[in-house]
Amino acid sequence: MTLGAPSEFKTRAQGIPGLKSTYDIEFQSFRPLKPGQATNGALKNGQIDAANIFSTDPAIVENDFVVLEDTKKLFGSQNVVPLVREDSQEQVAETLDEVSAKLTTEKLQELLKRTDIDKEDPDKVAADFLKEEGLD
């Protein structure tokens, strides 16, 4: 099988070396690809058999890609977290907490599909999200 991922995946601890040491998996070949459309297209078109992509990538749902479970926790969680300057924290903390509570992986996939695939205006997508979630 051929694995496609960003070039650093070849040597990163959470990349090919980690797949070998954690799961005893070795791919026949590795194809370095830019994240996003290049990797997704190669997976969809059969140029690669497996890929490293973000769990929020709307291409997963759009193309019926199969997400493999990381039962041995090789890949750490990467959560969306708001970052603000310390002097702004009190002014925005409550609102950011409310928004963060609504941003599930599935919701992010849906929103990113609208902006990245459907080419909708990001401001409109954000406004729709806030309205739908009662946060406007």
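These notes concern the salt bridges in a predicted model.

1. Basis. Numbering starts from 1 along each chain as its sequence is written, and side-chain values use heavy atoms, with hydrogens and water left out. Because the model is predicted, local features need pLDDT of at least 70 and side-chain atom pairs count only at pLDDT 80 or more, while totals for chains, interfaces and linings use all residues.

2. Count. Twelve salt bridges are present in the structure (a side-chain nitrogen of Lys or Arg within 4 Å of a carboxyl oxygen of Asp or Glu).

3. Lys20 and Glu26. These two residues form a salt bridge, with the closest N and O atoms 3.2 Å apart. Glu26 is exposed, at 63% relative accessibility, and Lys20 is partly exposed, at 35%. Here buried means under 20% relative accessible area, exposed over 50%, and partly exposed in between, with a 1.4 Å probe and protein chains only.

4. Glu62 and Lys113. The closest N and O atoms of this salt bridge are 3.9 Å apart. The pair links distant parts of the chain, 51 residues apart: Lys113 lies in helix H5 (residues 105-117) and Glu62 in helix H3 (residues 59-62). Helices are DSSP runs of H or I with at least four residues, numbered from the N terminus. Lys113 is partly exposed at 28% relative accessibility, as is Glu62 at 40%.

5. Lys102 and Glu133. Their side chains meet in a salt bridge, 3.9 Å from N to O. Lys102 belongs to helix H4 (residues 89-102) and Glu133 to the segment after helix H6 (122-132), 31 residues apart. Glu133 is partly exposed, at 23% relative accessibility; Lys102 is also partly exposed, at 35%. Through shared partners, salt bridges join Lys102, Lys107, Glu110, Glu132 and Glu133 into one network.

Note on methods. Helix = DSSP H or I, 4+ residues; strand = E, 2+ residues; numbered from the N terminus.
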